[in-house]
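Please keep the structure open beside the text as you read.

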Amino acid sequence: MTGTAPAPFTADDYRARMARAAREAAEAGLAGLLVAPGPDLVWLTGYAPTAATERLTLLVLAAGRDPVLVVPTLEAPDAAKAAGAPALSLRDWTDGKDPYALAAALLDAGGRFGISDNAWAMHLLSLQKALPGASYASLTQVLPMLRAVKDAAELELMAAAGAAADRAFEEIRRVAFAGRRETQVGADLADLLRRFGHSQVDFTIVASGPNGANPHHEVGDRVIEHGDMVVLDFGGLKDGYGSDTSRTVHVGEPTEEERRVHDLVREAQEAGFRAVRPGVACQEIDRAARAVIADAGYGPYFIHRTGHGIGVTTHEPPYMIEGEEQPLVPGMCFSVEPGVYLPGRFGVRIEDIVTVTEDGGRRLNDTTRELVIVD
């Protein structure tokens, strides 16, 4: 039920990504980039070690130089099989040798380098010891938009992940809610995401009744009751790219206030979406959605940012939040997910993934945003 498998990225795709990353690093005044195992390494090379260990694995990128992947000898055969391996050189090291000396020989002794956020502290500290004249900055701080703009192939994968999450919602709205625990509905959601092609489920929030007032409540043992509002927020990775959608359902007929708050959040979500267009600052998406809720008197109950970027991870830059002046660029993908959370009572959140087009925005989630009644 997962459809035709997408065409895999090629060595040329990864070569172009590494060249772009090195070029953007130079434009940012950096001597290069140091990329440890994690989403950046996967995006740049296609290589994902089976487990990040105390043994140093490090991709070294610098403009005008060939990419080099420093890797433990015992993991070199797997690294050589990565799709991006033909676009780089492997330098392996054996136990008992000093991998930091090997890495340091590839770096400018007095350079400033961007380093991926998930690099281990022990590796960074050892690099600092090997090259005391060099300095380092978080990759998210110095190149926050590195993965933000998706190409056509990536957008297809993002759209397919969104469609799979939509199919999961269409199925979950048909199951019984009343009398079942949040954990049970959450397990159903996870099963549905996998059925529709997700290889990784990152979260399945099922927040019923008063639990819905906690935006990051996941699942608990609470038994869902007739009359509950239930926030559903779920997503993960399909073919390496993320999904993330939220819908709020009601068990039986809602009260007038519940329906009014849901309609308010729906209007705010629509306002945030309609604000999307190239050149607009990220914070304007937050402002547009937040203004609708604030004008209705519920401003203090919208307690999180309006959105976050998504791609090879389900949360990444850019962020739709006050103070973020990064302009939107065609190909960016991010969530638009305003909410209202009334402590001790209920919460409402509606979320779509949106991509920036040449003249506006396109939703990657298409299920109804009206209040859905479930059993």
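L33 touches A21, A25, L59, V60, L61, F113, G114, L139 and L143, leaving aside residues up to four places away in sequence; contact here means heavy atoms within 4.5 Å. The model is a predicted one, in which local features need pLDDT of at least 70, side-chain atom pairs count only at pLDDT 80 or more, and totals for chains, interfaces and linings use all residues. Residues are numbered from 1 along each chain as its sequence is written, and side-chain values use heavy atoms, with hydrogens and water left out.

L33 is also among the residues with the most contacts inside the largest nonpolar core, together with L44, L59, L61 and L69; this core has 36 residues. A nonpolar core is a set of buried Ala, Val, Leu, Ile, Met, Phe, Trp, Tyr and Cys residues joined through side-chain atoms within 4.5 Å. Buried stands for under 20% relative accessible area, exposed for over 50%, and partly exposed for values in between (1.4 Å probe, protein chains only). Helix α1 gives the most to this core, with five residues. A second, separate core of 20 residues includes F177, L192, F196 and V249.

Now for the sheet. Its six strands form an open arrangement in the order β4-β3-β2-β1-β5-β6, with mixed pairing. Because β4 (89–93) and β6 (135–138) stand at the edges with a single partner strand each, one side of each is left without a neighbour in the sheet. Strands here are DSSP E runs of at least two residues and helices are H or I runs of at least four, numbered from the N terminus, while pairing requires at least two DSSP bridges between two strands. Strand β5 (residues 112–115) runs parallel to β6, and four bridges join them; R112 stands opposite S135 in β6.

Axes are lines fitted to C-alpha atoms, for helices over the stretch in contact, and angles run from 0 to 180 degrees between N-to-C directions.

| Helix | Lies across | Angle |
|---|---|---|
| α1 (residues 11–27) | β1 (32–35) and β2 (58–61) | about 65 degrees to β2 |
| α5 (residues 121–130) | β1, β2, β5 and β6 | about 155 degrees to β6 |

Finally, some ring geometry. R17 lies over the face of F9, at 4.4 Å from the ring centre, and R363 lies over the face of F273, at 4.1 Å from the ring centre. Such a charge has NZ of Lys or CZ of Arg within 6 Å of the ring centre and within 35 degrees of the ring normal.
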